[in-house]
Amino acid sequence: RDLVRSRGLGDVYKRQVLDPNKHKKNLPEKTVQVNDGVAVVEEKDILLDKLTVKAEETPLAAGTDYTAAFDDNGYVNIVVIPGGAGDSATSLTVSGVQIDPTAVTPADIVGAVTADGVESGMEVIRQIFPKLNMTPGILLAPGWSENALVSAGLQAKTSHINGVFNCVCIVDIDSSTAGATKYDDVKRQKEKQAVTSANCYAVWLYAKVGDVIYAGSAMAAAATVATDANNGDIPNVSPDNKPISISAACLKDGTEVLLDQEQANVVNSFGVATWLNMNGFRLWGNRTCAYPGNTDPKDSFFSCRRYMSWRANSFILTYFQKVDSPLNKRLIEAIVDSENVRGNGYVAMGVAARDEIVYNEDENPVTDLMNGKITFHQYMTPYTPAEDIEDIIEFDPDALVSALS
């Protein structure tokens, strides 16, 4: 339930929405046999602090009469302590409370702020920077984002985080029987889920690794972060066409789907990514959910959108220390010079065609300067991905004549 930071491919911040005090169900009373001093309760998700154990009708005390722990299967092993009240028991009667993940609702994922100011669900995104000093990069809710309420919440939370930061989200296009089960149904389902934000990247189809099924958004996020890690942690390279270790693309129920490039391109034309098996599976799709309604490169290409948001966030973090410094020429020149050194570096690396900041006097009227406000203008042109590589093949009859003459 707390905001947790874990290390992996980049930094991952996880919010556990499941609340044991809310999402629970009663464990029906059952009798288990004691073998060699151990009784195994073959039920998962039992809350140990709510477990009640009896030997015949005698209640047993945890730590005095028995100990309980989970085994590798998630079952509870009850070990009878010698000399305790259940020492000679051949069976135990157990009851208690189990966690019930099915009780979690889309409203729990979206969350809210109570009258006391307690934040839950997506509302804790605001807490990431104040608590961990890191800005969010990718928001996702695997297995839930195919719900219109959740996908709407994710899109809304990508902008103006803490009033200044921006990020992107990755959502799933529903591939259950209630959603899109065929590639030409994806457009209708995308519109039904109302995913239209330039900060949103959508994936249709789940992914299989052996017999395990993963949400497409989770695999796409991993592919995106791995791509960043392979490119100096600069988010300018598209995760499109990058190999990913999955064994099949499938619907939510596990039914395998075989897409060829023509069908996958149709899915892409709706502003949705998918999986393509081209000498191994790979993520296939460059466009954000704003496409095709919005074809502006900064809004329609996922890599461009991420780069520009990343640079904007970086500017804020770098020059926040300059806030409330004397507003004079030295301050202006220091920011312009420093930022252009960084921008020129990215241009030299081939990351962007232009990354430059300027101070325009016509954008800074005297009234703004007198009020302590200063405005800079930043020009960014990250390279767009080579989405369409075409080869024109022509038969040259002149070469035949020349060869035979």
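**View 1. The largest nonpolar core has 52 residues, and Trp204 and Trp275 have the most contacts inside it.** A nonpolar core is a set of buried Ala, Val, Leu, Ile, Met, Phe, Trp, Tyr and Cys residues joined through side-chain atoms within 4.5 Å. Buried means under 20% relative accessible area, exposed means over 50%, and partly exposed lies in between (1.4 Å probe, protein chains only). Two or more residues come from each of β9 (91–99), α1 (106–110), β10 (138–139), α3 (148–156), β11 (168–173), β12 (200–204), α5 (216–229) and β17 (281–284). Helices (H or I, at least four residues) and strands (E, at least two) are DSSP runs numbered from the N terminus. Another core, of 16 residues, lies apart from this one and includes Ile46, Leu60, Tyr66 and Val94. In soluble globular proteins, nonpolar side chains tend to be buried together.

The model is predicted: local features need pLDDT of at least 70, side-chain atom pairs count only at pLDDT 80 or more, and totals for chains, interfaces and linings use all residues. Residues are numbered from 1 along each chain as its sequence is written, and side-chain values use heavy atoms, with hydrogens and water left out.

**View 2. Seven strands form an open antiparallel sheet in the order β6-β5-β9-β3-β4-β8-β7.** Its edge strands, β6 (58–59) and β7 (66–70), each pair on one side only. Two strands pair if DSSP finds at least two bridges between them. Strand β4 (residues 38–41) runs antiparallel to β8 (residues 76–80), and four bridges join them. Within this pair, Val40 has Asn77 of β8 as its bridge partner.

**View 3. Strand β5 (residues 52–55) has one covered and one uncovered face.** Val53 and Ala55 make up the covered face, while Thr52 and Lys54 make up the uncovered one. In a regular strand the side chains alternate between the two faces of the sheet. Three bridges pair β5 with β9 in the antiparallel sense, and Thr52 has Ser95 of β9 as its bridge partner. Towards β6, β5 is joined by two bridges, again antiparallel, with Lys54 opposite Pro59. β5 and β6 form a hairpin with two residues between them, and Glu56 in the turn has a positive phi of about 60°.

**View 4. The second largest pocket has a volume of about 600 Å³.** A pocket is found on a 1 Å grid over the protein atoms alone, as an open set of points where a 1.4 Å probe fits, with protein on both sides within 12 Å along at least five of seven lines; lining residues have an atom within 4 Å of a point. The volume is the space filled by probe spheres set on the points, which are joined across faces, edges and corners. Of the 22 lining residues, Phe315, Tyr319, Phe320, Val323 and Ile374 are the closest to the pocket centre. α8 (302–319), α9 (329–348) and β19 (377–382) each give two or more residues to the lining, and α8 gives the most, with four. By class, the lining has 15 nonpolar, five polar and two charged residues. Here Ala, Val, Leu, Ile, Met, Phe, Trp, Tyr, Cys and Pro count as nonpolar, Asp, Glu, Lys and Arg as charged, and the others, Gly among them, as polar.
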